[in-house]
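Subject: Structure handover and notes

Hello,

Please find the structure for your records below. My notes on it come after it.

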Amino acid sequence: MKAATHRDQLIGMLTEAAEIEHCLMCTYLYGAFSLKQFQHEDLTDNELAAVRRWRGEIIRISTDEMLHLALVNNLLIALGARPHYRRFNFPISPGLFPADIAVSLAPLDEATLDHFVYLERPREASERDGAAFTKHAYTRQSLDNRLMVFADDYATVGELYEAIEHSLEHLCAEFGETAIFVGDATLQTTAGLLNLPGLCSISTLADARRAVHLIIEQGEGSREVKAGSHYARFSAIRDEWQALKSERPEFVPYRPAARNPVMRSPLNEERIQVLAEPASTLLDAGNAAYGLMLRLLSLLSDGPAFYEALPRGRTSVVEQAVLLMRVVTDVGSALTLLPANAARPGVNAGLTFTVSRQALSYPSPGACAALLQEKLTALAARMQSLTDSTPALASSASALGRFAQDWQKLANASSPNAPVTLAAAAAPSASAAAAPTQPPAAVPAPPAQEVAVGKDVTIVFDGARCIHARHCVLGEPGVFLANTPGTWIHPDKATPERIAIVAHNCPSGAVMYRRHDGGPDEAPPNVNVIRVRENGPLAFHVDLALAGATEESCKTRATLCRCGQSKSKPYCDGSHVAAGFVASGEPPTIVSDPLPDRRGKLSVTPLKDGPLEVQGNVELLAGTGRTINRVGAASSLRLCRCGGSANKPYCDGTHRVNGFAADGQ
């Protein structure tokens, strides 16, 4: 393949590379979603363990493809172009990619696995494509000395990346690196933002080379077989598959998911329209989540004006995109268990990854906030209506509702007089369509708790309270899989005792547990303590009675806001960091007598537009552990939560004059 002679040609090559990575990610995920996951699906214990392992491995390979897509988009931004998250719908028509790159959605049967191995093959490997993947004889050949961008041919994706590297070298040699890398590097994404090891910012030729080499060696079309490459990993799955099939010829590890499912009426018999319920409505919600995820990823490169006012700025956008990835995984897996079309008995549905014609960008921050709020609200309501058939969607629906509230606040701030947007109803009817004056759907409540039931212990996670202290993902990374699509909490990967240790270390009370192996559940501490965090919240480890808290809330641990900026009051949500809140974690000691009783219920009441009122036995500790004050059951304490007191951590009445507003009891 020839190297590019001008910037626009190189951008065209990178755009095609982005589409290939995007398409491969979707096809691999579709294959993973089609794999059986339960013993009643005619699998032995040994077979089920293998198939579950394959599913995890293929999802990890799909995550690598997302890394490659992100690196290609960083290259595009570095060259002064926009990132490219669009692609054509499946199955990909002949001619859009070279003849050897046939892309369609198919369950992971033996032919599909052969196809995946073929796509990832090194040049030295002799592989045949899967028999079910039709090839068309054609050659794409671009002409020399043209201003228009026409894609050339290449035998493997590795050849495309080698041509991209040669193009970068040629253009940098001719014009200089500073003339080529003109994009704003702050708009790129890195591993610190998206949890994708290897994702780096690109601003020099050396950076670009490293990114290209990582893609080639980890993924498609390296010159030789490398351990840990996608080719080696898919080949290992194929070897194990063949071994299991030789032991039991009836072994079938995949569900009868549709080949090339579509939402609209197909043009030919090769595609299967998903019409049966609940699959059709579930498919619509899954594709809506997928499209919204692409919009959010694209938004990351639009600049701070679009997201800096969110609770955690750019990180909030990533959190929303990651949540939608989880929704896509949950929906994609659920669809492969549901009939697709009454006219095609025995064929199940599958996620189509359909993309619409709409642009992924927004004209202004205000319009962006209003439209995202509307879409998130509608999607949350629709997902809530589907929880009977797909219970896994319940917690995600509530979390999307919370994100919708964040965007609504931005929309109101950008345009205070803008009309309230109407969200689509969860299940629209003809009567609803005829009543445009119907009030908008309510924004769902704050996120429901996520419940993961294991053999010996149940883990409960309350996302509304999480402050990302990361004791869970660092303490038991096999149990808590950070930034992972689909199910991310796996209680059976550690003993109940180890899970209890992680929960007890979680200062916010976001991680809770219930043992059903006969072991003890969490007990109140022997000493009630409140720790004053430097430039941060108040951390309670007490026998807690927090006014307004739900029955299911943690009764021993909580981190409560004292900067006044949290969007989840009375809980801390990390806003003190973005707000630059400054408050000592080492207040002066107030002389106090030791408490005769250091235990007992501690009542904490957030007063409306005012402080936290605390009553009960408790010791206040500095960040270093020094006791700074003691309060007995007969006394009470008022702690500042407006952020303005000159006598922190105590209230001095400043909330009455600084306009602090917060709900109270």
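The notes start with the whole protein and then turn to single places in it.

This is a predicted model, in which local features need pLDDT of at least 70, side-chain atom pairs count only at pLDDT 80 or more, and totals for chains, interfaces and linings use all residues. Residues are numbered from 1 along each chain as its sequence is written, and side-chain values use heavy atoms, with hydrogens and water left out.

Confidence

The pLDDT score is the predictor's confidence in each residue, from 0 to 100. Its mean over the protein is 87, and 91% of the residues reach 70 or more. Residues 416–447 stay under 50. The model has 42 contacts for that stretch beyond four places in sequence, a contact being heavy atoms within 4.5 Å. Where pLDDT is low, the predicted coordinates should not be read in detail.

Overall form

The protein has 15 helices and 14 strands. These are DSSP runs numbered from the N terminus: helices are H or I with at least four residues, strands are E with at least two. With a radius of gyration of 28 Å, close to the 26 Å that the globule rule gives for 665 residues, the protein is as compact as a globular protein of that length. The radius is taken over C-alpha atoms, and the rule is 2.2 Å times the number of residues to the power 0.38. Along the principal axes, the C-alpha atoms fill a box of roughly 85 × 60 × 60 Å.

Of the 665 residues, 54% count as buried. Buried means under 20% relative accessible area, exposed means over 50%, and partly exposed is in between (1.4 Å probe, protein chains only). Among contacts with a separation of 6 or more, 69% join residues 24 or more positions apart.

The accessible surface comes to about 28800 Å², and carbon and sulfur atoms hold 53% of that. Accessible areas come from the Shrake-Rupley method with a 1.4 Å probe; for residues, only the protein chains shown count as cover.

There are 62 positive and 70 negative side chains, and the centres of the two sets lie 5 Å apart. Lys and Arg count as positive and Asp and Glu as negative, while His and the chain ends are not counted. Each charge is placed at NZ of Lys, CZ of Arg, CG of Asp or CD of Glu.

Helix α3

The buried ones are A111, T112, L113, H115, F116, V117, Y118 and L119. They pack against α1 (7–33) and α7 (230–247).

The loop between β10 and β11

D609 and G610 both belong to this loop, which runs between β10 (601–606) and β11 (612–615). D609 has a positive phi, near 55°, in a residue other than glycine. Its relative accessible area is 28%, so D609 is partly exposed. G610 is buried, at 4%. Beyond its neighbours within four places in sequence, G610 is in contact with R641, H655 and F660. H655 is 45 residues from G610 in sequence, with the two C-alpha atoms 5.9 Å apart.

Strand β9 and what follows

T559 lies in strand β9 (residues 557–560) and is buried, with 2% relative accessibility. Leaving aside neighbours within four places in sequence, its contacts include R465, I467, P507, S508 and P570. P570 itself is in the loop between β9 and α15 (575–579), and the peptide bond from K569 to P570 is cis, with omega near 10°.

Other places to look at

A cis peptide bond also runs from K648 to P649, with omega near 15°. P649 lies in the segment after β14 (636–639).

H468 is not a glycine, yet its phi is positive, about 60°. It is found in the loop between β4 (457–461) and α13 (471–475). At 44% relative accessible area, H468 is partly exposed.

E374 is in helix α10 (residues 365–385) and is partly exposed, at 29%. E374 and R123 are 251 residues apart in sequence and 49 Å apart in space, C-alpha to C-alpha.

Regards
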